[in-house]
Amino acid sequence: MHTLAAESGWGTKAPIIPHPAELILGLLAFALLYWLVAKYVVPRFEAAYAERSAQIEGGIARAEQAQAEADAARQQYTQALAEARSEAARIRTEAQAERKSIVDGARAEAEQAAAQVHERGAAQLAAEVNQARSELSREVSRLAVDLAGRIVGENLADTDATRRTVDRFLADLEERTPAVTEGQA
(Lines give C-alpha, C1' and ligand atoms only; values in the text may rest on other atoms or scores of the structure.)
Protein backbone atom coordinates (compact mmCIF):
# COMPACT_ATOMS: atom_id res chain seq x y z
CA MET A 1 0.00 0.00 0.00
CA HIS A 2 2.69 2.25 0.95
CA THR A 3 4.30 1.53 -2.34
CA LEU A 4 1.14 2.22 -4.25
CA ALA A 5 0.81 5.60 -2.66
CA ALA A 6 4.48 6.25 -3.26
CA GLU A 7 4.29 5.28 -6.90
CA SER A 8 1.25 7.38 -7.66
CA GLY A 9 2.52 10.34 -5.68
CA TRP A 10 -0.68 10.44 -3.61
CA GLY A 11 1.02 10.60 -0.24
CA THR A 12 3.05 13.60 -1.15
CA LYS A 13 0.07 15.71 -2.17
CA ALA A 14 -2.18 15.03 0.84
CA PRO A 15 -0.55 12.81 3.42
CA ILE A 16 -3.62 12.73 5.71
CA ILE A 17 -6.13 11.60 3.07
CA PRO A 18 -5.81 7.87 2.32
CA HIS A 19 -5.37 6.49 -1.15
CA PRO A 20 -8.71 5.45 -2.77
CA ALA A 21 -7.61 1.84 -3.10
CA GLU A 22 -6.71 1.74 0.59
CA LEU A 23 -10.00 3.39 1.39
CA ILE A 24 -11.94 0.77 -0.63
CA LEU A 25 -9.96 -2.07 0.94
CA GLY A 26 -10.54 -0.60 4.42
CA LEU A 27 -14.25 -0.25 3.72
CA LEU A 28 -14.43 -3.87 2.52
CA ALA A 29 -12.59 -5.08 5.64
CA PHE A 30 -14.85 -2.98 7.83
CA ALA A 31 -17.94 -4.35 6.06
CA LEU A 32 -16.64 -7.91 6.50
CA LEU A 33 -15.90 -7.29 10.16
CA TYR A 34 -19.29 -5.65 10.66
CA TRP A 35 -21.02 -8.63 8.97
CA LEU A 36 -19.10 -11.14 11.13
CA VAL A 37 -19.88 -9.27 14.31
CA ALA A 38 -23.53 -8.80 13.32
CA LYS A 39 -23.89 -12.46 12.29
CA TYR A 40 -22.09 -14.25 15.11
CA VAL A 41 -21.16 -11.99 18.01
CA VAL A 42 -24.23 -9.76 18.39
CA PRO A 43 -26.73 -12.66 18.55
CA ARG A 44 -24.68 -14.28 21.28
CA PHE A 45 -24.48 -11.03 23.19
CA GLU A 46 -28.22 -10.52 22.76
CA ALA A 47 -28.92 -14.08 23.92
CA ALA A 48 -26.66 -13.62 26.92
CA TYR A 49 -28.27 -10.25 27.61
CA ALA A 50 -31.77 -11.72 27.34
CA GLU A 51 -30.83 -14.62 29.62
CA ARG A 52 -29.27 -12.27 32.14
CA SER A 53 -32.31 -9.97 31.96
CA ALA A 54 -34.61 -12.95 32.51
CA GLN A 55 -32.54 -14.03 35.50
CA ILE A 56 -32.60 -10.54 36.97
CA GLU A 57 -36.32 -10.13 36.34
CA GLY A 58 -36.96 -13.59 37.81
CA GLY A 59 -34.86 -12.66 40.81
CA ILE A 60 -36.77 -9.44 41.22
CA ALA A 61 -40.06 -11.29 40.91
CA ARG A 62 -38.94 -13.88 43.47
CA ALA A 63 -37.72 -11.11 45.75
CA GLU A 64 -41.04 -9.29 45.42
CA GLN A 65 -42.92 -12.54 46.09
CA ALA A 66 -40.72 -13.25 49.11
CA GLN A 67 -41.30 -9.70 50.34
CA ALA A 68 -45.06 -10.12 49.91
CA GLU A 69 -44.95 -13.43 51.80
CA ALA A 70 -42.86 -11.82 54.53
CA ASP A 71 -45.33 -8.95 54.78
CA ALA A 72 -48.24 -11.40 54.99
CA ALA A 73 -46.43 -13.45 57.63
CA ARG A 74 -45.61 -10.32 59.60
CA GLN A 75 -49.25 -9.21 59.41
CA GLN A 76 -50.40 -12.65 60.58
CA TYR A 77 -47.84 -12.56 63.39
CA THR A 78 -48.97 -9.09 64.44
CA GLN A 79 -52.61 -10.16 64.36
CA ALA A 80 -51.86 -13.35 66.30
CA LEU A 81 -49.87 -11.34 68.84
CA ALA A 82 -52.74 -8.89 69.28
CA GLU A 83 -55.18 -11.78 69.70
CA ALA A 84 -52.87 -13.45 72.21
CA ARG A 85 -52.58 -10.22 74.19
CA SER A 86 -56.33 -9.79 74.13
CA GLU A 87 -56.82 -13.41 75.24
CA ALA A 88 -54.25 -12.96 78.02
CA ALA A 89 -56.04 -9.83 79.23
CA ARG A 90 -59.38 -11.67 79.18
CA ILE A 91 -57.92 -14.62 81.09
CA ARG A 92 -56.29 -12.27 83.61
CA THR A 93 -59.60 -10.45 84.14
CA GLU A 94 -61.44 -13.73 84.59
CA ALA A 95 -58.78 -15.00 86.99
CA GLN A 96 -59.01 -11.83 89.06
CA ALA A 97 -62.80 -12.11 89.17
CA GLU A 98 -62.54 -15.79 90.12
CA ARG A 99 -59.93 -14.98 92.79
CA LYS A 100 -62.18 -12.26 94.22
CA SER A 101 -65.11 -14.67 94.19
CA ILE A 102 -63.06 -17.35 95.97
CA VAL A 103 -61.78 -14.87 98.55
CA ASP A 104 -65.26 -13.50 99.14
CA GLY A 105 -66.66 -17.03 99.49
CA ALA A 106 -63.89 -18.05 101.88
CA ARG A 107 -64.39 -14.87 103.88
CA ALA A 108 -68.14 -15.49 104.11
CA GLU A 109 -67.52 -19.10 105.18
CA ALA A 110 -64.99 -17.97 107.78
CA GLU A 111 -67.37 -15.33 109.12
CA GLN A 112 -70.17 -17.89 109.27
CA ALA A 113 -67.92 -20.40 111.03
CA ALA A 114 -66.76 -17.71 113.47
CA ALA A 115 -70.36 -16.77 114.18
CA GLN A 116 -71.25 -20.42 114.78
CA VAL A 117 -68.25 -20.84 117.10
CA HIS A 118 -69.25 -17.67 118.92
CA GLU A 119 -72.84 -18.87 119.27
CA ARG A 120 -71.72 -22.28 120.51
CA GLY A 121 -69.30 -20.62 122.95
CA ALA A 122 -71.99 -18.27 124.21
CA ALA A 123 -74.45 -21.15 124.61
CA GLN A 124 -71.84 -23.25 126.38
CA LEU A 125 -70.94 -20.31 128.63
CA ALA A 126 -74.61 -19.70 129.46
CA ALA A 127 -75.07 -23.41 130.24
CA GLU A 128 -72.00 -23.42 132.45
CA VAL A 129 -73.17 -20.24 134.22
CA ASN A 130 -76.59 -21.78 134.80
CA GLN A 131 -75.00 -24.99 136.03
CA ALA A 132 -72.70 -23.05 138.36
CA ARG A 133 -75.63 -21.02 139.67
CA SER A 134 -77.62 -24.17 140.25
CA GLU A 135 -74.74 -25.87 142.06
CA LEU A 136 -74.10 -22.73 144.06
CA SER A 137 -77.78 -22.47 144.94
CA ARG A 138 -77.86 -26.07 146.12
CA GLU A 139 -74.69 -25.59 148.14
CA VAL A 140 -75.99 -22.36 149.68
CA SER A 141 -79.27 -24.14 150.49
CA ARG A 142 -77.45 -26.97 152.17
CA LEU A 143 -75.20 -24.59 154.10
CA ALA A 144 -78.19 -22.42 155.10
CA VAL A 145 -80.09 -25.45 156.38
CA ASP A 146 -77.05 -26.63 158.31
CA LEU A 147 -76.50 -23.16 159.75
CA ALA A 148 -80.16 -22.79 160.66
CA GLY A 149 -80.10 -26.23 162.30
CA ARG A 150 -77.07 -25.21 164.37
CA ILE A 151 -78.75 -21.95 165.38
CA VAL A 152 -82.00 -23.59 166.30
CA GLY A 153 -80.29 -26.59 167.84
CA GLU A 154 -82.31 -29.08 165.96
CA ASN A 155 -81.62 -31.15 162.92
CA LEU A 156 -83.53 -29.67 160.03
CA ALA A 157 -84.03 -32.32 157.47
CA ASP A 158 -83.70 -31.56 153.77
CA THR A 159 -87.41 -31.55 153.07
CA ASP A 160 -89.38 -29.94 150.29
CA ALA A 161 -90.71 -27.27 152.65
CA THR A 162 -87.23 -26.39 153.77
CA ARG A 163 -85.95 -26.35 150.21
CA ARG A 164 -88.80 -24.07 149.06
CA THR A 165 -88.13 -21.68 151.93
CA VAL A 166 -84.44 -21.44 151.07
CA ASP A 167 -85.17 -21.07 147.37
CA ARG A 168 -87.61 -18.24 148.05
CA PHE A 169 -85.01 -16.58 150.26
CA LEU A 170 -82.37 -16.84 147.53
CA ALA A 171 -84.80 -15.52 144.92
CA ASP A 172 -85.52 -12.50 147.13
CA LEU A 173 -81.79 -12.04 147.59
CA GLU A 174 -81.15 -12.13 143.83
CA GLU A 175 -83.85 -9.53 143.23
CA ARG A 176 -82.21 -7.16 145.68
CA THR A 177 -78.73 -7.69 144.24
CA PRO A 178 -77.93 -5.58 141.12
CA ALA A 179 -77.78 -7.69 137.98
CA VAL A 180 -74.33 -8.70 136.74
CA THR A 181 -73.93 -8.39 133.00
CA GLU A 182 -72.16 -11.01 130.96
CA GLY A 183 -69.26 -8.67 130.21
CA GLN A 184 -68.57 -8.32 133.90
CA ALA A 185 -68.89 -12.03 134.61
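This is a predicted model: local features need pLDDT of at least 70, side-chain atom pairs count only at pLDDT 80 or more; totals for chains, interfaces and linings use all residues.
**Overall architecture**

- The protein contains four helices and zero strands; these are DSSP runs numbered from the N terminus (helices: H or I, at least four residues; strands: E, at least two).
- Along the sequence, the pattern reads α-α-α-α.
- Of the 185 residues, 5% are buried (under 20% relative accessible area; exposed is over 50%, and partly exposed lies in between, with a 1.4 Å probe and protein chains only).
- The accessible surface (Shrake-Rupley method, 1.4 Å probe; for residues, only the protein chains shown count as cover) is about 16,100 Å², and carbon and sulfur atoms account for 61% of that surface.

**Helix H4**

- Thr 162, Val 166 and Leu 170 are buried in H4. Viewed down the helix axis, the buried residues fall within an arc of 65 degrees (taken from the directions from the axis to the C-beta atoms), so they line one face of H4.
- Those buried residues pack against helix H3 (20-152), where contact means heavy atoms within 4.5 Å.
- Asp 160, Arg 164, Arg 168 and Glu 175, on the other side of H4, are exposed.

**Residues 23-42**

- An unreviewed UniProt entry lists residues 23-42 as "transmembrane region"; such annotations may be inferred rather than shown by experiment.
- This span is 100% helix and 0% strand, with its end C-alpha atoms 26 Å apart.

**The aromatic pair**

- The structure holds one aromatic pair (ring centres of Phe, Tyr or Trp, with its six-membered ring, within 6.5 Å; planes under 30 degrees apart are stacked, over 60 edge-to-face, the rest tilted).
- Trp 35 and Tyr 40 form this edge-to-face pair, at 6.3 Å centre to centre and 85 degrees between the planes.
- Trp 35 counts as partly exposed because its relative accessibility is 47%.

Terms used:
Residues are numbered from 1 along each chain as its sequence is written. Side-chain values use heavy atoms; hydrogens and water are left out.
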